Amino acid sequence: MKRIHRITRRRFMKASLAAGAAFTVVPRHVLGQEGQAPPSETLGGALIGVGGRGPGTYNTMTESLQNAGFGVSKLAECDVRWVGRADNKTRYTDFRRLLERRDIDVVAIATPPHWHALISIAAMEAGKDVLCEKPMTRFISEGRAVAEAEQRYGRVFQIGTFGRFGASGDAGNRRTRKIMTSGLLDPCPGVAIKSGGHKIKEWSGFVNMRPRPIPESLDWDMYCGPSPLKPFHPHRVGGTHRGYWDYEGGGLCDMGQHALDPLLWIWGKDVTAPVQAEAHAPPAHHESCGMWGWVELTYADGFTLVFDSREWGEPYSRKQSRGIGPDDLSEENRAKLRDLPDPGPLLSFGEAVRQRRPAGGNAEAAQRTITAIHLMNLAIRLGRKIKFNPQTEQIVGDDLANRLVNPPMRAPWQMPTLT
Amino acid sequence: MPDANHIAALVETLPPTDAELKTPTPKGETPREGKFTGPAPDVADQLCRNILDTGPDGLNALLDMVRDPAEPAYASYKPEYLVHCLTLFAGRPGLEKERRMLAPAMLRRVQNEDASLYLRLFLIRELQWIGDASAVPVLAGLLTNEELADAAAATVVSIGTDAAPHIRRQLPDAKGRVRLVLLQALGQLRDPEARDLLRAALKDEEPEVRIAAAWGLARLGDDGSIQAILRAADGAKGWERMRQTGSALLLAEQLSAHGNKDQATAIYIHLRDTRTEPHEAHIRDAARRALGVRVA
């Protein structure tokens, strides 16, 4: 179903005004059956990646759109495990064929994360709005490319984590954000510590993996996509892919965006990145994600954020959690704070599509969260302190580490970016 | 000269997998798959020091222990993991002496055609972490080897220094997928000397080569390719049209960033005026935004 309501209405009005014609606006409900969005308000939907999270992600997208008054018609799905079962009409194995369809307006992406950035950008290049599962990306520079594409093509992008929406409903959180984004508290004594719930052991990868025959129904080359083509093993697919650096980044990438995103909203750090990351962990395996103890992020204003796994080693003990409030400000700055506007509401995906404005979990905000996650993982993988420049989004003073910020993709896949 | 048994003993200080902690694998049987927990950082550092203190012969003895898991002789994850621990250790700022011992030892094994494909690929990927310009000529020589090309290209591009001339030298002999890998590598490196090669590739019979060429030229900000890229985009359909149009927009951004606003404007005007179908309204709007026209 073509999304014709914006263009035809605009053209119609322009033409009518030019012609001096009178017209009557016909209410939407007249055009559609009662209780249903009229055809001109029905969007064509598609799902890419129909594994564990896929149906749920698609439903989340649909509900958000329906709440904003749209109807959604599911037109197509795509999964690389459907070799021999794809009809290239409603079922695809190649997302490029799906994105070529002109009747698809919105896409939910639930592939493993090494595909998230490329498919999100491709979908926006094709004129679709995107709801993409977390983690947003596999490495730092991908996220910047997604944020650039969101701006370039004027599309709506929403990351598949929604904690910030709930967090923004709390008055205390809004007050913290207001203080942190005001610039009136520098240095910031705040410390946020998240202990446990990182699923590290659960999403660790295997070692001693003997290669297995590739299932006939799986397009393994396409599955690997921009990541290196490695011998097939079933643990690299279907949820347990989370345990491999080629596709994700362990529990930190799986749960990290959920845990960190609301924290970064609350602490006003969703417009910047840490300047330092330090981890306490065993040396990382080159293929399989493994155990870690804690990771400490430091921001330029002194704010500290810690993930303490409670699954390995001694618990984090350098600092204690510390909130901030108006009492941390001088009297003069408290007065200034009162005059500043409160944080505005976050738009849901559906509202953003309706209003053509950035969603609450837009690509820029999501990039800031996933950059923090990737810096944590880099500190774990490299076994050394990382210094980072939030403006250039490069690691500072460690050229070898910087190679992991933007590793080359496997041909024929390229990241559509100038960096 | 370090005894291979000494190296093996050091390797065995690494922990078993969780599965083997519960039930050790009987000697001679295939080790079971499973998760593992590495040593504490200070223990790992000392282990790395112990290996590095044995010098090149010790490193070679360790590399000899790395096996392909598909082989019957595969015994354990531990040798390969320890090699990577050494990579992480020697890659730290300030440990240049250690890095200069480790990287060449890896490179020699990569060069050895009798070494297993598995080992060569593993070490090429390790060199992506710690290799330097001295590795480039050797790795570039592997770029036309279909089994090694992807890994070698990724490492050569990651090293960056002096990579482009070596990649260009391999192109005349490259065919099929390997040719695509090399062209894409030159695009990633933004090699100005690759301009003519990429321009020619815009007309290649393979769409993926054409797409990679336009992308590379956009990254170069090649103003001489404006018309060719726009023609490529206008004349294509579906995925290729999307990609080539995207590269045209990237080219415009690169030109703008370097002060060539008139040329960027020409691209935007072209896209604004030619993308008239409803399904490309977002391209038209993108061009109009870039031209400073407010889009409703």
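Predicted model: local features only at pLDDT ≥ 70, side-chain atom pairs only at ≥ 80, totals over all residues.
In strand 5 of chain A, A:C132 is the bridge partner of A:I109. Strand 4 and strand 5 of chain A are joined by four bridges and run parallel. On its other pairing, strand 4 of chain A meets strand 1 (residues 42-48) of chain A, again parallel and over four bridges. There, A:I48 has A:I109 as its bridge partner in strand 4 of chain A.

A:V106 and A:A108 point one way. A:V107 and A:I109 point the other way. All four of these residues are buried.

The sheet as a whole is open and has six strands in chain A, in the order 3-2-1-4-5-6. Its pairing is parallel. Strand 3 (91-92) and strand 6 (157-159) of chain A each have a single partner strand, so one side of each lacks a neighbour in the sheet. These two strands stand at the edges. A:R91 in strand 3 of chain A is the bridge partner of A:E77.

Two cis peptide bonds in chain A come next. One runs from A:K134 to A:P135, with omega near -5 degrees. A:P135 sits in the loop between strand 5 (129-132) and helix 6 of chain A. The other runs from A:D186 to A:P187, with omega near 10 degrees. A:P187 belongs to the loop between helix 8 (171-182) and strand 7 (191-195) of chain A.

A further loop of chain A, between helix 9 (220-224) and helix 10 (250-266), holds A:V237. This residue has 19 other C-beta atoms within 10 Å. A:T57 lies 180 residues from A:V237 along the chain. The C-alpha atoms of the two residues are 18 Å apart.

Chain A and chain B are in contact. The contact takes 46 residues from chain A and 59 residues from chain B. On the side of chain A that touches chain B, the elements giving two or more residues are helix 1 (5-19) and helix 6 (140-153) of chain A. By class, that side of chain A has 22 nonpolar, 10 polar and 14 charged residues.

Chain B is divided into two parts. Domain 1 of chain B covers 1-19 + 37-131, and domain 2 covers 190-296. Taken over C-alpha atoms, the centres of domain 1 and domain 2 of chain B are 46 Å apart.

Helix 3 of chain B spans residues 41-52 and has 12 residues. From its first C-alpha to its last it reaches 16 Å. This is close to the 16 Å expected at 1.5 Å a residue. The buried residues in helix 3 of chain B are B:A44, B:L47, B:C48 and B:I51. Seen down the axis of helix 3 of chain B, they fall within an arc of 100 degrees, so they line one face of the helix. Helix 1 (4-11), helix 4 (55-65) and helix 5 (78-90) of chain B pack against these buried residues. The face of helix 3 of chain B turned away from the buried side carries B:D42 and B:R49, which are exposed.

Two loop residues of chain B have positive phi values without being glycine. For B:D162, phi is near 65 degrees. B:D162 is located in the loop between helix 9 (149-159) and helix 10 (163-170) of chain B. With 14 other C-beta atoms within 10 Å, B:D162 is partly exposed. For B:R190, phi is about 55 degrees. B:R190 is located in the loop between helix 11 (176-189) and helix 12 (195-201) of chain B. Here 17 other C-beta atoms lie within 10 Å, and B:R190 is also partly exposed.

How values were computed: Residues numbered from 1 in each chain as written. Chains lettered and ligands numbered in written order. Domains from an automatic or database assignment. Contact = placed C-beta atoms within 7 Å. Nonpolar A, V, L, I, M, F, W, Y, C, P; charged D, E, K, R; others polar. Expected span 1.5 Å × (residues − 1). Buried ≥ 20, exposed ≤ 12 C-beta atoms within 10 Å, placed from the backbone. Arc of directions from axis to C-beta. Pairing = 2+ DSSP bridges.
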